[in-house]
Amino acid sequence: MDATKTVAHKSKIWPVVNYAFGNFGHSALSMMFGTYFMVYVTTAMFTGVSKSQATKSIAMITGLIFVLRILEIFIDPIIGNIVDNTNTRWGRFKPWLIIAGTVSALLLIVLMSGIFGLSRSNTTWFMILFIPIFTIFDIFYSFRDVSYWGMIPALSEDSHERSIFTAAGNFTGFGQNIVTMTIVPVVTYVTYLATGQHNEGQAGWTTFGIIIAVVAIICSFIVALGTHEKHNVLRNAAKDKTSLKDMFWALAHNDQMLWTALPYLVYGFGNAATAGLMFYMFKYVMDKPGLFWIAGLIPTVAGFFTSPLYPIINKWVTRKTIYAVSMCAMILAYIILIVSTDNLIMVMTALVLYYVPQGFIFMAVILTLTDTIEYGQLKNGTRSEAVTLAIRPMLDKMSSAISNGVVGWVAVAAGMTGTATAASITAGGISLFKAVAFWAGLIVHILALLIYVFKVKISEKKHAEIVEELQKKLGAENVN
């Protein structure tokens with residue numbers, strides 16, 4: 001009996017561990033592209049090009065990325081529908097994890113190389129090739145992202161078990177923080193080896209992109225080969241292919257999914273802009289670029305505690321309460337950063353309040369979205385796993401588009417590009433930076449808190465009731 005229990009325990013642990021590995025590489029790739037690609041564009045991509053041409057190219061890339069990402073947002077539900085309608089011997093999600101994970105990682109290398117140096121040697125051809133390469137990268141990145149988080153309802157129908165898988169995936173999200181901690185020293189070191197200069201040059205950025213791509217590919221294979229989809233009455237009842245018309249109708253009529261998505265989108269706008277400008281705060285406002293690694297250390301350490309603690313805390317405290325308290329902490333962080341960016345202790349305190357709650361917020365939102373799958377199935381008769389969970393990466397993409405656009409615009413408008421230093425930034429430039437990075441973030445975080453608290457009704461208890469009602473309904477239909 002003891003041996004049987006041990007085997008059963010291990011059989012439950014390993015899928016969780018393997019699933020967790022998947023987000024380490026993916027979160028690192030996401031951070032590399034979503035946050036630091038624009039840093040690379042504004043500081044190294046056009047090295048050697050005249051200042052006027054570099055400024056024009058940066059502005060053009062900023063605009064192109066913004067427009068392309070907004071257009072591709074509407075593709076994400078279609079991607080989710082394609083994944084939902086996938087039927088292979090390996091399951092619904094694994095083929096996309098491997099194929100899309102590999103393609104997106106390889107294209108990241110191409111982008112981080114300035115399309116093999118064309119950004120410096122031939123700007124015209126660079127711009128012509130950038131649009132299709134970026135678009136293909138973004139589509140395959142979305143397939144990988146949707147497939148990864150879309151697996152959760154396929155791994156379990158129990159809300160608590162889902163929280164464990166989600167916590168595991170979110171736990172290894174510290175891959176993005178590892179990027180923040182290591183990107184400056186690694187890029188600078190490799191650039192020094194290649195050129196003898198102590199700065200963040202092209203050689204360093206390309207090498208770092210290769211490292212992240214390799215890790216992302218390995219992690220995609222681990223999660224694809226190490227997890228197993230469950231087949232139960234809820235999933236078996238939804239095996240028929242869903243048309244795009246039915247998919248959009250189901251999404252539009254899932255009010256709780258929409259109310260959960262809205263505050264996350266609003267929160268994401270402010271959070272993405274702030275995160276994207278954090279490097280600029282250390283380099284151009286505080287004049288302490290060497291301490292930027294702290295902005296990666298704090299969320300890394302926090303991630304080791306927040307994700308494992310969430311399922312434990314959630315046994316005693318509702319996720320709505322967890323969400324509200326976490327948002328209040330971030331709001332306080334914004335207030336501190338607005339008041340003082342010249343006091344290192346105050347800045348560090350603000351960063352703790354800013355980064356630590358993010359894991360709890362992510363967990364609360366994605367678990368609420370996951371539970372709206374059964375809500376939608378009961379209300380509309382349509383079960384859309386990947387489509388529903390495609391909403392979250394779609395919202396992240398919208399936030400990233402805003403972030404890339406805002407970061408590029410602020411960097412140019414405030415003079416934080418090329419060889420600029422903290423001493424060359426004007427008081428007007430600092431004021432513009434704070435208005436976008438902190439004041440705007442504060443306002444949208446308050447708005448997101450109010451929407452979630454007052455409009456989201458899907459709680460853990462409510463979800464359990466929905467699952468029970470669904471099982472009775474489907475069981476009765478099978479009997480008939």
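Predicted model: local features only at pLDDT ≥ 70, side-chain atom pairs only at ≥ 80, totals over all residues.

Q: How do you know that the span of helix α10 agrees with its number of residues?
A: Helix α10 covers residues 175–195, which is 21 residues. At 1.5 Å a residue, the helix should span 30 Å. The end C-alpha atoms of α10 are 28 Å apart, so the two values agree.

Q: Where does α10 bend, and by about how many degrees?
A: The bend is at Thr 182 and comes to about 50 degrees. A proline, Pro 185, follows within four residues.

Q: Which residues of α10 are buried?
A: Among them are Gly 175, Asn 177, Val 179, Ile 183 and Val 190.

Q: Why is Lys 283 called buried?
A: Buried means under 20% relative accessible area. Lys 283 has 17% relative accessibility, so Lys 283 counts as buried. Lys 283 lies in helix α14. Leaving aside neighbours within four places in sequence, Lys 283 is in contact with Glu 200, Pro 289 and Ala 422.

Q: What makes Ser 113 a cap for α6?
A: A side-chain oxygen of Ser 113 lies 3.5 Å from the backbone nitrogen of Ile 115. A polar contact is a pair of N or O atoms within 3.5 Å, so a pair at that distance falls inside the cut-off. Ser 113 caps the N-terminal end of α6.

Q: Which helices do the buried residues of α6 pack against?
A: They pack against α2, α5, α7 and α11. The buried residues of α6 are Gly 114, Ile 115, Gly 117 and Ser 119.

Q: Which residues touch the most other members of the largest nonpolar core?
A: Phe 37 and Trp 205 do, in a core of 136 residues. Helix α14 gives the most to this core, with 14 residues. Not counting residues up to four places away in sequence, Phe 37 touches Met 32, Met 45, Ile 65, Leu 111, Met 112 and Phe 130.

Q: How do you know that the radius of gyration agrees with a compact globule?
A: With 480 residues, a compact globule would have a radius of gyration near 23 Å. The chain has 23 Å, so the value agrees. Buried residues make up 57% of the 480 residues.

Q: How many helices and strands does the chain have?
A: The chain has 21 helices and zero strands.

Key. Residues numbered from 1 in each chain as written. Heavy atoms only, no water. Core = buried A, V, L, I, M, F, W, Y, C linked by side-chain atoms within 4.5 Å. Buried < 20%, exposed > 50% of the residue type's maximum accessible area, 1.4 Å probe, protein only. Helix = DSSP H or I, 4+ residues; strand = E, 2+ residues; numbered from the N terminus. Contact = heavy atoms within 4.5 Å. Expected span 1.5 Å × (residues − 1). Bend = angle between axes of the 7 residues up to and from the residue. Polar contact = N/O pair within 3.5 Å; in protein donor to acceptor, adjacent residues only side chain to side chain. Rg over C-alpha atoms; globule rule 2.2 N^0.38 Å.
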